[in-house]
Amino acid sequence: MTENPQQQTSSTGTAAIAGGPLRQAVVIGGNRTPFARSHGAYASASNKDLLTAALNGLVARFGLQGERIGEVAAGAVIKHSRDFNLTRESVLGTVLDHSTPAHEVQIACATGMEAIGGLANKIRLGQLDSAIGGGVDSISDAPLVFNDAARSVLMELNRARTVQDRIKAVLRFRPGHLAPEAPGTEEPRTGLSMGEHQARTTHRWGITRQAQDELALASHHHMAAAYDRGFFDDLVTPFGTLTRDNNLRADSTLEKLASLKPAFGRDLGEEATMTAGNSTPLTDGASAVLLGSEDWAAARGLPVLADFVDFETAAVDFVDGQEGLLMAPAYAVARLLQRQGLTLQDFDYYEIHEAFAGTVLATLKAWEDEEFCRERLGLDAPLGPIDRARLNVNGSSLAAGHPFAATGGRITATLAKMLHKKGPGSLGLVSVCAAGGQGIVAILRGR
Amino acid sequence: MTPLAASYRAALSTAARDALLRRRRPQSLPARTLLVHDHVIGEDLAAAYAGLFPATGPLDPGDLPSVLVHIAGFPAAMDLMAQADFPMPLLGMVHLENRVRHHRPVPAGVPLEVAASATGLAPHPAGTTVDLVITVHGPDGDQPGEGPVLLWEGTSTYLGRGVRLAGHPRVDRRPREAFAAPELTARWRLPASTGRDYAAVSGDYNPIHLHPLAARALGQKGMIAHGMYLAGRMLAGREPAGAGHSWSISFATPVLLPGSVSLGVTHSGAGTARVTEVTAWNARSGKPHFTGRIEPGERPTAIRRPRSSGRPWRPS
Amino acid sequence: MSTDSYTALVNQPLGHRLAQALGLPQPAILRRHRPGAPLVDGPVLVLGGGPAADEAATHLLDWGQDVRRHPAAQDRYGAVVAAFDDVSTPAELSATALELGAVQRQLGGSGRVVTVYQDPEGTPDPAVRAARKGVEGLTRSLAHEMRQGSTANGIILGEGISLGAPGAAGALRFLLSGRSAFVSGQFIPVATDGGATPRDWDRPLAGRVAVVTGAARGIGAAIAETLHRDGATIVGVDVPAAGQGLADVVNALSGSALQLDITAPDAGERILAHCRERHGRMDVVVHNAGITRDRKLANMDADRWDSVIAVNIESQLAMNRAFLAAAGDGVVAAGLRIASLASTSGIAGNAGQTNYAASKAGVIGMVSATAPLMTGGGTINAVAPGFIETEMTAKIPFLTREVARRMNSLSQGGRPVDVAEAVSFLVSDAAGGTSGATLRVCGQGIMGA
C-alpha cells in the first residue's frame with residue numbers, strides 16, 4: 001500500500017495522448033458476487049446493492065479503501081430510470097474515495113467488455129492510471145413499466161393545470177392501463193426472444209442436441225471443479241445467502257440434460273434442440289475488474305495478471321434473418337485477429353460466452369466453414385478449428401448464469417487469472433455476443 | 001374531404017335503402033375521379049403514425065411512410081365506394097391486396113393533391129373484385145411547366161363477396177396451394193387494442209377492427225387487424241430513404257386480435273435489384289395471413305419542401 | 001453480540017438495590033481501554049521492598065502516573081503493584097500481603113492489583129520455590145475477592161529478568177490498563193529481556209502487517225479492529241464463504257481481504273504470497289479461525305471430529321511450518337509474532353466438546369513447543385478465552401448462557417475486544433519477553449481455575 005492515498009498519478013514520461021508512447025493496460029484482478037437465478041436468492045437486492053457489493057469486495061481484495069480510482073465504468077442492461085447514475089451511486093456506496101468519477105456503459109450483454117475495453121484504452125493513452133470496469137444486472141429488480149396508454153394518461157395528468165383537466169385525464173384511465181409491461185429479452189424489431197433467434201441460428205448451422213448438451217455439461221463440471229479447487233477464492237465474494245453461483249449443477253448428467261423438453265424453437269418440431277439445460281437462464285449478479293497502468297499497480301504492490309491487449313466490436317444485420325442474432329463475435333474475431341496478426345489457433349485459452357450452447361457451437365462451426373469465412377468474413381481461408389480442451393476451461397455462463405452486464409467482468413477476471421498461471425506471453429481470446437446483433441471480442445496476454 | 005365515419009354512415013344508409021327497396025346496384029363503375037386539393041399530412045399525424053410502430057423509431061417528416069400516404073388518400077376512395085352509384089356495397093367488402101409505387105418522398109406539411117378512382121371490375125370465384133386507385137401529386141416540379149409531380153400511386157383491390165355482375169363469367173376456385181412456412185425471422189404480438197389504435201390514426205373506424213362483438217355481427221370470427229396496419233408494420237424500417245420503391249401486399253386470412261403473427265423475411269438480390277419478401281402466417285393454424293414484397297427501385301430526387309411548416313405553401 | 005442486559009440493569013440505582021437485596025451477583029461495567037484515556041484511574045500504590053518495587057515505580061513515573069510508595073488511609077487507589085520478587089521463604093510473604101489486604105478496600109472500581117514475583121521453577125530451593133509459588137496462590141485467591149470490576153494478576157519474572165525488562169514493563173502496563181479488563185487471576189511469564197517498549201503506547205503495532213484468520217466476524221473481527229487501532233495494517237483471512245463479512249471488516253480498517261480455506265495445503269504459502277505482494281512484509285499472525293462441531297464423544301462422527309482438528313490445530317501447525325521456514329526472508333519478520341486462539345475448554349474440558357477441547361489443548365501444546373523454534377526474537381503465545389459474548393454464544397439457550405456468563409470473578413461475559421486486547425498485547429514488542437505461554441481471558445472463570 002502506498003502511504004499516500006491522495007497520490008493520483010504515477011505516470012512516468014509523456015502520456016500517449018500527449019504524444020508519448022502507448023503503454024500497457026493491465027488486469028490486476030477482479031471480483032464478482034455469486035450469480036443467482038432470477039427471482040431467487042437476490043430477489044430483494046437492487047442493481048445498486050449488487051454493484052456496490054462487487055465493488056466493495058474488489059476494494060477489500062486489493063486494499064483500495066480511500067483510494068481515488070481514475071474512473072469506474074459499469075452498467076446494467078435492465079435498470080430503473082431512477083438509476084440514471086447507477087455506477088456513480090454505487091461508487092458513493094463504497095469505501096473508495098468519493099471523488100472517484102464513474103459513468104454508465106450499455107451495450108447489452110457485452111456491457112462489461114465495453115466498459116473494461118474503453119477504460120483499458122484510456123489507460124493505454126495515459127488518460128487514466130487506474131480504473132474499474134464491470135456491470136450488474138438483476139431481473140429481479142427490473143422496473144415494471146406502465147404501458148404507453150397509461151403513460152400518456154399519467155403525463156397528461158401531470159401537465160393538467162385545472163381541476164377539470166385533471167378530472168378529464170383521470171377519466172381516461174382504463175383497467176387495461178394497469179397491465180404493466182414486463183421486461184424481456186425480446187428483440188424490439190423482431191419480437192423474437194434471444195432464444196428464439198438462437199434457435200434459428202442453431203438450426204441453420206445444424207448443431208445437434210447432443211453437442212449442445214455436452215457443452216452444457218462440460219461447463220457445469222468445469223466450474224464445479226474450479227470452485228472445489230479454490231480457483232474462485234479470489235474472484236468471488238459471497239453476497240447475501242450465496243457463496244457460489246446457484247445455477248451451478250455439479251451433479252448434472254447427460255441423461256438429465258437429454259430428458260429436458262425443447263424451450264426454444266418449438267416451431268421447428270422434431271428439429272428443436274435448445275432446452276433450459278443448454279441455454280442460460282436469467283440471472284442476477286454483478287462483477288468488477290481492476291485495471292491499471294503497470295506503474296500504478298507496482299506502486300501499490302498489486303498483482304499484474306494480464307495485459308488487456310485489444311478489443312473489437314461488431315454488429316450483424318439480423319433483423320430479417322440475414323445473420324444470426326448472436327453471430328457478431330464471429331465477425332469481430334476475424335477483424336481482431338487480422339489487426340493483431342494472429343491466427344485463431346494462437347491462443348492458450350478461449351472464453352466464449354455461453355449465452356446458449358448453440359451460440360458457442362455455431363460460432364466455432366462458422367469459423368471452420370469455408371463458405372462463411374469467404375463470403376461473410378471476406379477471408380481466403382477459414383479461421384479453422386480450435387482446441388476444444390482450451391475452451392471455457394473453468395466453466396462459463398451455462399453454469400454460472402449470465403447477469404447480462406456482469407458477464408464481461410466475470411470472463412475478463414477469470415481469463416486474466418488463468419493466463420497469469422499459464423505464464424507470461426500466454427494468450428486468451430474473449431468472445432461475448434450481445435442483443436441487437438452485436439458482440440465484443442478481446443485479447444488478453446498473460447503476465 | 002368527407003370524413004370516413006360519414007362514409008360508413010352513408011354506406012350503412014345505402015345498404016339499408018338497398019335492402020328496403022330491393023334496389024339493384026348499378027352494374028358498372030362510376031366514371032368519376034374524386035379529387036382532394038391541398039390535402040396536408042400534418043406532422044402530428046405523422047408522429048401519431050410513428051407511435052404505432054415504436055420499435056422502428058421516429059419518422060423523417062420529409063419522407064413519410066407509404067401507408068401514411070395511403071391513409072391520406074383512403075377517405076376519398078371510401079367516399080367513392082360509399083355512394084349509391086357504386087356497384088357493390090362497402091360494408092362487407094374484403095381487402096385482397098395493395099400495390100403501391102412510391103415514386104418520390106412525400107413530405108409532411110406540404111399541400112398534396114389526392115385523386116381516387118375505381119377501375120377494373122373483375123370476376124372472382126367468391127364474387128367481384130374492384131381496384132381503387134389513389135394517386136398523390138405534390139406541388140409543381142422544378143422544371144418550367146412541369147406541373148404537379150406524381151409522388152405516390154396505389155391500387156387497392158377489394159372483393160365484393162357474392163357480387164355477381166351481369167356479363168361476367170364465373171371463375172372457378174383455384175385449388176389452394178399447400179402453405180409451407182419459411183424460416184421464422186420475427187413474431188408480432190398484436191394486442192386487442194391494435195385495431196383501435198390504428199383506427200385512431202387512420203380514421204378507419206370499420207367496426208370489424210374495433211370490437212369483437214361488432215366484428216362477429218359483420219361476419220368475422222372476431223376482431224381483426226386492419227390490412228393496412230399489417231402493411232405498415234411490414235414496411236416499418238424496410239422502406240428505402242428517399243422513396244422510389246414499390247411494394248405490394250396480398251392478404252390470405254385475417255389476423256384475429258389479440259393475436260400473434262409469425263413472419264419470415266427473406267432478401268434476394270442487391271442494390272436496386274434487392275427484393276424483400278415477407279410471409280406472415282399463423283403459427284398455430286399454419287395458415288398464411290399475407291405475403292408482401294418490397295422492391296427498392298431507382299432513387300428519385302426529392303421534391304422541394306417549405307422550410308417552415310407554419311404557413312401553408314401553395315403551388316403557384 | 002448478545003447483550004448482557006442484566007449487567008446493564010444492576011448498574012442502574014434501582015437494579016443495584018434489587019440485586020443487593022436478592023443477593024444476586026453484581027457485575028460491574030468494566031473499564032476498557034480507549035486510546036488517550038489514562039492508564040489507571042487514580043494513584044498507583046507500589047508495595048514491597050525488592051528491586052521490582054523500585055523498577056515498577058520508575059516505569060509508572062515514566063508513564064506519568066501518580067505513584068505512592070506508602071499507603072495512606074484516606075487515599076483511593078487506581079491500582080496496587082505488590083512486588084514479591086525478594087521472597088525467599090513463605091514467611092516473608094506476610095508483610096506485603098497484609099499491606100495489600102489493608103488497602104484493598106481503597107481500590108476504586110475496575111481497580112488493579114498486580115503482583116510481581118520470580119519464577120518458582122527458576123529455583124531448586126524448596127523454601128524459595130514455596131514462597132514464589134505462594135504468591136501465585138495469594139494472587140489467585142485475591143482475584144476471587146476483588147469487587148466492582150477489579151482484577152488481580154501476576155507477572156512472573158524469569159531467572160535473571162528484572163521488572164525493568166521491556167517485556168516486564170509491557171506486561172505491567174497491560175495488566176494495569178483497561179486492555180486487561182476481562183483478565184483476572186492470571187499470570188504473565190516474562191522469561192527473557194526480549195522485546196521493546198513502543199514509541200507510542202497507543203500505537204504499539206504501528207507499521208506492522210498483521211494477518212488475522214477468521215477475521216470476518218466475532219472475535220476475529222474484533223482482533224482485526226484492535227490490531228488496526230494499535231497501528232497494524234490488516235490482512236484479513238477467512239473462508240471464501242465468509243467473504244462478504246470479511247470485505248466489510250477489512251474495508252472498515254483499510255486492510256486487504258484474502259479469501260482462503262486455511263486447511264488448504266498451500267494456505268501458508270498463499271498468505272505469504274499475499275503479504276509479499278501487497279505489503280512486502282509480514283510481522284504478525286493471529287490464528288483465530290476455528291470451528292465447533294459439538295457432540296458428546298459417544299455420538300461423535302468422523303466428520304465432526306476431523307474437521308475440528310483440521311481447522312483448529314492442524315492448519316495452524318502447517319501454516320506455522322511455512323511461516324517459520326520463511327522467517328527472516330525479507331518478507332516475514334525475523335522476529336515474527338504469532339498468537340493463537342486456544343480456549344478455556346482446552347484447559348478445563350467441556351462436555352460435548354471433546355474434539356474442540358482436543359484441538360484447543362493442542363494449541364496450548366503447540367505454542368509451548370513452537371516457542372523455542374522462533375528465531376530472531378520472535379514469539380508465539382496463545383490466548384484462551386472464557387465466556388465471550390459473541391453471535392456463537394448468543395445461540396446458547398438463555399438459562400445456560402446466563403449461568404455460564406456469571407461463573408467467573410467478574411460475574412459477566414467478556415467481550416470480543418477483551419480477547420483482542422490480549423492478542424494485541426501478545427503480538428506487540430512490549431510482550432517480547434513472553435513466548436510459549438497461554439493467557440486466559442476469562443474473568444477468572446471457575447472452569448479450569
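## Where chain A meets chain B

In this predicted model, the contact between chain A and chain B draws on 15 residues of chain A and 13 residues of chain B. Put together, the two chains bury about 1,200 Å² between them, and 41% of that area is on carbon and sulfur atoms.

## Where chain C meets chain A

Chain A also has a contact with chain C, to which chain C gives 20 residues and chain A gives 22 residues. Here the buried area is about 1,500 Å², with carbon and sulfur atoms giving 45% of it. On the chain C side, look for C:Gln244, C:Asn251 and C:Arg278, which supply 40% of the area that chain C buries against chain A, more than any other three residues.

Which chains share the most contacts? Of the two pairs of chains in contact, the answer is chains A and C. Chain B and chain C are not joined by any contact, and their closest C-alpha atoms lie 42 Å apart.

## How the chains divide into domains

Chain A is divided into domain 1 (23–142 + 284–306), domain 2 (148–178) and domain 3 (194–232 + 251–281 + 308–446). If you follow the numbering, you will find that domain 1 of chain A is written as two stretches and domain 3 of chain A as three. The C-alpha centres of domain 2 of chain A and domain 3 of chain A lie 48 Å apart.

Chain C is divided into domain 1 (37–190) and domain 2 (209–441). Their C-alpha centres lie 29 Å apart, and the contact between them takes 18 residues from domain 1 of chain C and 22 residues from domain 2 of chain C. Together these two domains of chain C bury about 1,600 Å², 65% of it on carbon and sulfur atoms.

## A helix pair in chain A

Two packed helices are described by the angle between their axes and the distance between the axes. In chain A, helix α6 (residues 194–204) packs against helix α11 (residues 357–368) at an angle of about 40 degrees, and their axes are 9 Å apart. That angle makes α6(A) oblique to α11(A). The two helices cross in a left-handed way.

To find the contact, look for A:Gln198, A:Thr201 and A:Thr202 in α6(A), which meet A:Gly358, A:Thr359 and A:Ala362 in α11(A). By residue type, this contact of α6(A) with α11(A) has one nonpolar, five polar and no charged residues.

## Two helix pairs in chain C

In chain C, the axes of helix α7 (residues 218–229) and helix α15 (residues 416–426) come within 8 Å and cross at roughly 50 degrees. The pair α7(C) and α15(C) is therefore oblique, and the crossing is right-handed. From α7(C), the contact includes C:Ile219, C:Ala222 and C:Ile223, while the residues from α15(C) include C:Val417, C:Ala420 and C:Val423. In this contact of α7(C) with α15(C), nine residues are nonpolar, three are polar and two are charged.

Helix α9 (residues 267–278) of chain C packs against helix α10 (residues 302–326) of chain C at an angle of about 45 degrees, with the axes 7 Å apart. That makes α9(C) oblique to α10(C), and their crossing is right-handed. On one side of the contact are C:Ala267, C:Gly268, C:Glu269, C:Ile271 and C:Leu272 of α9(C), and on the other are C:Met319, C:Ala322, C:Phe323 and C:Ala326 of α10(C). The residues of this contact of α9(C) with α10(C) divide into seven nonpolar, one polar and one charged.

## Backbone details in chain B

Most residues other than glycine have a negative phi, and most peptide bonds are trans. Two places in chain B are worth a look with that in mind. A cis peptide bond joins B:Leu257 and B:Pro258, with omega about -10 degrees. You will find B:Pro258 in the loop between β7 (245–251) and β8 (259–268) of chain B.

The other place is B:Ala243, a residue other than glycine whose phi is positive, near 60 degrees. B:Ala243 sits in the loop between α6 (227–235) and β7 of chain B.

Definitions and conventions
Residues numbered from 1 in each chain as written. Chains lettered and ligands numbered in written order. Predicted model: local features only at pLDDT ≥ 70, side-chain atom pairs only at ≥ 80, totals over all residues. Heavy atoms only, no water. Axes fitted to C-alpha atoms, helices over the stretch in contact; angles between N-to-C directions. Helix = DSSP H or I, 4+ residues; strand = E, 2+ residues; numbered from the N terminus. Parallel < 35°, antiparallel > 145°, perpendicular 65-115°, else oblique. Left-handed = near helix turned anticlockwise from the far one by under 90°. Contact = heavy atoms within 4.5 Å. Nonpolar A, V, L, I, M, F, W, Y, C, P; charged D, E, K, R; others polar. Domains from an automatic or database assignment. Buried area = accessible area lost by both parts, 1.4 Å probe.
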